Amino acid sequence: MQDNNSLKDIWELYGVKENPFSTSPILVIGGAIPIDSFVGRSEHITRLSKILGSKGGSRTFIYGDVGIGKTSFVNVVRSSAFEKGFFTHFKEITTQDAWSADDFILNTLSAIYATLKLLKQKPIRDELYKKLESLFEIGRTNINAGISVAGFGGNYAVEQNATEKLPLFSLQTFFSEIVAEININTEKEVIIHYNNLELISEKKIKYLFDNLRDFFQTKGVHFIFIGNLTAYSILQSIPRFSSILSDTPFHIEVLNYEEVKEVIKKRFEYLRISKDYNIISPYTEDCLHVLYALMQGNIRDILNSLSTAVFDATNESPILLDRNRLARTLKEILEKRYLNTLTPRVRVVLAEIIKYDEITNKVLSDKLKMPRSNISTYIKELENSGCVYLRRKNGKDKYWKADPKIKWSLLKESAQQTLTF
């Protein structure tokens with residue numbers, strides 16, 4: 001029989017309602033982590049707010065490494081815009097490699113519909129709302145509405161076969177019609193936010209953004225695109241799209257140490273069970289210093305490391321992680337969950353990859369004196385086991401990076417020793 005103690009919420013032991021180290025982005029509205037817990041990026045916030053506040057629509061690209069808070073940054077700005085009367089969908093649109101051009105527009109309409117459905121006062125006529133609604137009703141064909149696509153719950157999926165596919169220009173026209181009415185009724189422009197462009201292959205990105213150029217210039221819409229370094233370099237190679245960007249792209253970098261410290265402090269305060277409960281910090285500041293250096297300031301990786309260590313080490317009572325206990329805990333987890341199935345030669349390749357911010361197959365082959373075919377096989381195994389990922393591509397060259405959790409192996413248990421990279 002399962003021990004009932006294993007079903008307890010450990011975070012209550014620390015005086016908070018839920019995990020303060022959650023890596024989920026801050027939401028436009030709602031969510032456990034409030035907008036007020038966001039820290040930093042004031043210059044970026046001011047600049048993006050000016051772009052969104054200007055009439056005529058815009059196209060803005062925001063890029064940076066995974067896990068540094070790009071989505072939360074945009075959602076903070078969109079939340080402020082929503083409070084000022086702008087229409088924006090509540091959940092960001094996560095792009096997919098399987099999308100066609102019309103899927104791209106349909107998912108945009110789906111995000112708009114899902115938000116309109118939640119609003120008591122809808123900024124469009126009932127007739128137009130019902131026309132939009134008919135897009136996403138299960139298996140329904142509504143010829144009179146002029147749209148005939150089967151969907152589910154306001155989220156159009158590629159797997160759900162459309163009863164009839166409309167031409168791309170018809171979807172664009174319908175989108176423009178909805179936008180125009182929202183513009184008139186709110187006297188504001190519409191903000192559309194696409195996330196994770198790095199999930200789309202280079203070939204598909206070029207196809208989509210070349211074919212959707214006119215869609216992205218819809219009057220009265222501010223389009224925001226988020227991706228990593230790879231997505232940025234690909235978009236720069238599409239003249240038809242890069243020429244319509246409204247401003248130079250935003251390059252988002254890591255927060256400084258004090259900002260990360262402030263983020264965590266605010267989260268504990270906002271998630272406090274009540275004023276009658278004391279907050280118990282489960283780690284020393286030395287731990288945070290160590291993780292900040294190890295993860296090169298990446299807040300998602302820092303939060304994930306703290307969450308994993310605290311969750312694993314906590315049983316019946318709160319614990320306090322010092323740097324030695326942090327190192328032991330995370331290294332044991334890493335070995336047990338990820339490394340113990342790797343062969344010695346694969347471990348050698350991983351140990352070399354972790355030395356670099358990014359590295360190609362060719363450089364690995366040269367440094368380790370191994371055939372490139374063997375290196376490719378080992379990297380595939382490491383990728384499948386979640387130990388490495390493709391950071392970016394430059395032509396035929398693939399740049400690999402060790403997953404952040406692999407860095408746990410570099411933690412030292414002696415306070416006298418320093419981290420080596």
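Me: Which residue is the bridge partner of K393 in strand 9?

Reply: Strands of a sheet pair through backbone hydrogen bonds, either parallel or antiparallel. Here, K393 has K398 as its bridge partner in strand 9. This is a predicted model, where local features need pLDDT of at least 70, side-chain atom pairs count only at pLDDT 80 or more, and totals for chains, interfaces and linings use all residues. Residues are numbered from 1 along each chain as its sequence is written, and side-chain values use heavy atoms, leaving out hydrogens and water.

Me: How many bridges join strand 8 to strand 9?

Reply: Two strands pair if DSSP finds at least two bridges between them. Strands (E, at least two residues) and helices (H or I, at least four) are DSSP runs, numbered from the N terminus. Six bridges join strand 8 to strand 9 (residues 397-402). The open sheet has the order 7-9-8. Its edge strands are strand 7 (359-360) and strand 8 (388-394).

Me: How many salt bridges does a search of the whole structure find?

Reply: A salt bridge is a side-chain nitrogen of Lys or Arg within 4 Å of a carboxyl oxygen of Asp or Glu. The search finds 19. One of them joins D286 and R323 at 3.7 Å, N to O. D286 lies in helix 10 (residues 285-294) and R323 in helix 12 (residues 323-339), so the pair ties together parts that are 37 residues apart in sequence.

Me: Is R323 buried or exposed?

Reply: Buried means under 20% relative accessible area, exposed over 50%, partly exposed in between (1.4 Å probe, protein chains only). R323 is buried, at 14%. D286 is partly exposed, at 35%.
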